[in-house]
Amino acid sequence: MKTKFDIPKTVPIKKIIVETPFVKTFIFEYELGARPGQFVNLWLPGVDEKPMSVAYCDEKEFWVTMFAVGPFSKAMHELKEGDLVGVRGPYGKGFSFEKDWRLVGMGGGYGAAPLYFLTVEAVKLGCHVDFVVGARGKEHLLYIDRVKKLKNVDIHIATDDGSVGIKGYNTVILQQLIEEAKSGSSKKIDMVYACGPEMMMKTISNICFEHGINAELSVERYMKCGFGVCGQCSVDDSGIRMCKEGPVVSNEVARKITEFGRYHRDSVGRVHEF
Ligand SMILES: Cc1cc2nc3c(=O)[nH]c(=O)nc-3n(C[C@H](O)[C@H](O)[C@H](O)COP(=O)(O)OP(=O)(O)OC[C@H]3O[C@@H](n4cnc5c(N)ncnc54)[C@H](O)[C@@H]3O)c2cc1C
């Protein structure tokens with residue numbers, strides 16, 4: 001396995017998959033050696049460098065699933081197969097899981113992508129995964145077809161418009177899964193994992209705390225260096241660096257981050273409320 005590199009390495013895009021009109025998955029031919037929940041920094045010279053969650057990784061390739069929202073991601077969406085991108089990483093703390101566990105993965109937006117990687121690796125260890133995703137509507141759902149191909153996984157969907165699955169938030173499904181497990185009609189839940197919009201994660205944090213269920217959350221903050229030197233992604237009050245001590249943190253740690261679910265900072269430290 002290759003070791004982590006902190007100087008960008010230029011890696012060709014092997015394949016680009018169009019997921020939705022605003023989302024593409026980039027497959028890079030490189031043995032990154034990432035674990036689920038970790039991220040890479042992608043660099044386009046003259047444009048910018050941004051952190052991106054690893055959506056899948058094996059000995060031959062790794063994937064990144066990206067929304068086109070601003071200058072960097074829109075420039076990435078213009079690239080063609082064979083084009084070169086600077087890659088640094090993998091960085092950060094990933095998700096933890098053990099053999100034969102029951103996992104509940106809670107994803108929203110591109111959060112479904114890192115949860116797919118977690119699911120792939122967890123089922124290899126004999127785990128059962130409830131893959132719970134939320135989206136505005138059917139056309140925004142990501143990774144469902146890939147997850148359907150995995151064994152030992154139940155998929156649960158919630159959409160804002162009710163076009164597929166239940167109408168409403170995916171956190172309603174989490175409540176139901178926890179109640180079933182507590183009543184004994186399904187197996188005990190060992191860990192809940194969340195990756196997606198912060199207000200979704202805040203609700204998940206509260207639900208898991210109230211029910212005494214372990215959880216790990218991927219808390220994203222504005223990141224620059226990716227390896228803990230610049231301090232850009234330090235959070236109030238604890239000061240932990242989300243690129244180094246995170247982005248995945250336990251619910252206990254997340255609940256000590258006073259800004260979690262309240263505000264985040266931009267590239268110059270200005271506060272923005274959620
Ligand atoms: C650990 C981590 C994993 C991420 N994984 C993914 C992913 O898998 N797919 C995906 O589409 N996006 C991911 N992002 C977000 C991504 O890094 C960029 O924020 C996003 O692509 C927007 O950049 P932009 O230049 O296109 O747009 P901009 O207009 O520059 O940014 C749009 C918004 O994105 C956020 N943002 C911008 N730059 C950063 C940064 N350096 N660090 C954190 N947030 C930033 C800000 O809230 C900003 O308002 C991740 C962010 C983090 C911190």
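Which domains does the shell around the ligand draw at least three residues from? Keep that in mind as you go. This is a predicted model: local features need pLDDT of at least 70, side-chain atom pairs count only at pLDDT 80 or more, and totals for chains, interfaces and linings use all residues. Residues are numbered from 1 along each chain as its sequence is written.

**Stop 1: the whole chain.** Show the protein chain as a cartoon. It has 6 helices and 16 strands. These are DSSP runs numbered from the N terminus: helices are H or I with at least four residues, strands are E with at least two. The C-alpha trace spans about 55 × 40 × 40 Å along its principal axes.

**Stop 2: the two domains.** Color 5-91 as domain 1 and 102-273 as domain 2. The bounds come from an automatic or database domain assignment. The C-alpha centres of the two domains lie 21 Å apart.

**Stop 3: where they touch.** In all, 19 residues of domain 1 are in contact with 18 residues of domain 2. Contact means C-beta atoms, placed from the backbone, within 7 Å. On the domain 1 side, select strand 1 (5-20), strand 3 (39-44), strand 4 (48-53), strand 5 (56-57), strand 6 (62-67) and strand 7 (84-91); each supplies at least two residues.

**Stop 4: the ligand.** Select the 21 residues around the ligand; Ser 53, Gly 70, Phe 72, Ser 73 and Glu 220 come nearest. A residue counts as near if its C-beta atom, placed from the backbone, lies within 6 Å. Strand 4, strand 6 and helix 1 (71-77) each give two or more residues to this shell. Strand 4 gives the most, with 5 residues. Now the opening question: the shell draws at least three residues from each of domain 1 (5-91) and domain 2 (102-273).

**Stop 5: helix 2.** Select residues 112-124. This helix has 13 residues and reaches 18 Å from first C-alpha to last, close to the 18 Å expected at 1.5 Å times one less than its number of residues. Of the 13 residues, 10 are buried, so helix 2 is largely enclosed by the rest of the structure. Buried means 20 or more other C-beta atoms within 10 Å of the residue's own, with C-beta atoms placed from the backbone. Among the buried residues are Leu 115, Tyr 116 and Phe 117. End at Gly 126, which follows helix 2 and has a positive phi, near 85°.

Technical notes. Contact = placed C-beta atoms within 7 Å. Buried ≥ 20, exposed ≤ 12 C-beta atoms within 10 Å, placed from the backbone.
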